[in-house]
Amino acid sequence: MSWVLYVACAVSVALVVASAAYVVHRKREVVGDPVLASVGETKTTLLLCALLVGVSLLFCWAKLDNPALAGEGDTSWLVVAGVSVALTAIACLAGVFSLLSVVVATEKGIESRGAFGNVSIIAWRDVARVKPSTLSKVVKIESVDGRTISVNSAMPSFSKFVEVAQEKTRKKQGKEQLEDLERLLAGKR
């Protein structure tokens, strides 16, 4: 039954290659205004994804090296193969999200770009409210028509994002709230 683990490793490698190709394709596809500031996942998330893929492949190798590991019988081989592929799939999905999901500030406004092509835009002139959450590290930017974009304030690039947003916001209410947010940030440092 060792062939099952070789198939699992091949599927895992195919998942990694497919997700990398998708990321490269989507990065080339994104065209728009120059990005003044962006907030996205840290590269640490990507490192953790790579480690998860390594663990999944190591799991297969360990079973090949010691067939008694994870139990005896044909089912144990299938379980190890399934867990290995599942770990790789989770890592690839998390990697795609960490590389492609981003909130950017451009000359025209704030854009939330999703991993699978969905884009939400709020023009600077339409920013009605900036609402930091008291329970989480998420800041919600609301437009006059009720659309919202959430920004993770725990990311290192968030302070640069706030600077750009404060400079570009034209509505007095939105600008005052961004100034309050900046004072909050200054208090954290």
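Ground rules, quickly. Residues are numbered from 1 along each chain as its sequence is written, and side-chain values use heavy atoms, with hydrogens and water left out. Because the model is predicted, local features need pLDDT of at least 70 and side-chain atom pairs count only at pLDDT 80 or more, while totals for chains, interfaces and linings use all residues.

Helices first. Helices here are DSSP runs of H or I with at least four residues, strands are runs of E with at least two, and both are numbered from the N terminus. Take α1, residues 2-29, and α2, residues 43-65. They pack at an angle of about 165 degrees, and their axes are 10 Å apart. Axes are lines fitted to C-alpha atoms, for helices over the stretch in contact; angles run from 0 to 180 degrees between N-to-C directions. So α1 and α2 are roughly antiparallel. The cut-offs: under 35 degrees is roughly parallel, over 145 roughly antiparallel, 65 to 115 roughly perpendicular, and the rest oblique.

The crossing of α1 past α2 is left-handed. That is, the near helix is turned anticlockwise from the far one by less than a right angle; clockwise would be right-handed.

Who makes the contact? From α1: S2, L5, Y6, A8, C9, S12 and V16. From α2: V53, L57, C60, K63 and L64. Contact means heavy atoms within 4.5 Å. By class, this α1 contact with α2 has nine nonpolar, two polar and one charged residues. Nonpolar covers Ala, Val, Leu, Ile, Met, Phe, Trp, Tyr, Cys and Pro; charged covers Asp, Glu, Lys and Arg; the others, Gly among them, are polar.

Now α1 against α3. Their packing angle is about 10 degrees, with axes 9 Å apart. These two are therefore roughly parallel. Their contact has 18 nonpolar, five polar and two charged residues.

Is T88 buried or exposed? Buried, at a relative accessible area of 0%. Buried means under 20%, exposed over 50%, partly exposed in between, with a 1.4 Å probe and protein chains only. Beyond neighbours within four places in sequence, T88 contacts S12, L15, V16, V53 and S56.

On to the cores. A nonpolar core is a set of buried Ala, Val, Leu, Ile, Met, Phe, Trp, Tyr and Cys residues joined through side-chain atoms within 4.5 Å. The largest has 20 residues. I110, V127, I141, V151, F158 and F161 have the most contacts inside it. Elements giving two or more residues are β1 (37-40), β2 (102-105), β5 (127-132), β6 (138-143), β7 (148-152) and α4 (158-168). Helix α4 gives the most, with five.

Look at F161. Not counting residues up to four places away in sequence, F161 touches A37, V39, V103, V104, A105, I110, I141 and V151. Apart from this core lies another, of seven residues, including V4, A8, W77 and A81.

Last, some single residues. H25 sits in α1. H25 is partly exposed, at 46% relative accessible area. From H25 to V127 is 102 residues along the chain, and their C-alpha atoms are 31 Å apart.

D65 is in α2 and counts as exposed, at 55% relative accessibility.

A70 is not a glycine, yet has a positive phi of about 70 degrees. Most residues other than glycine have a negative phi.
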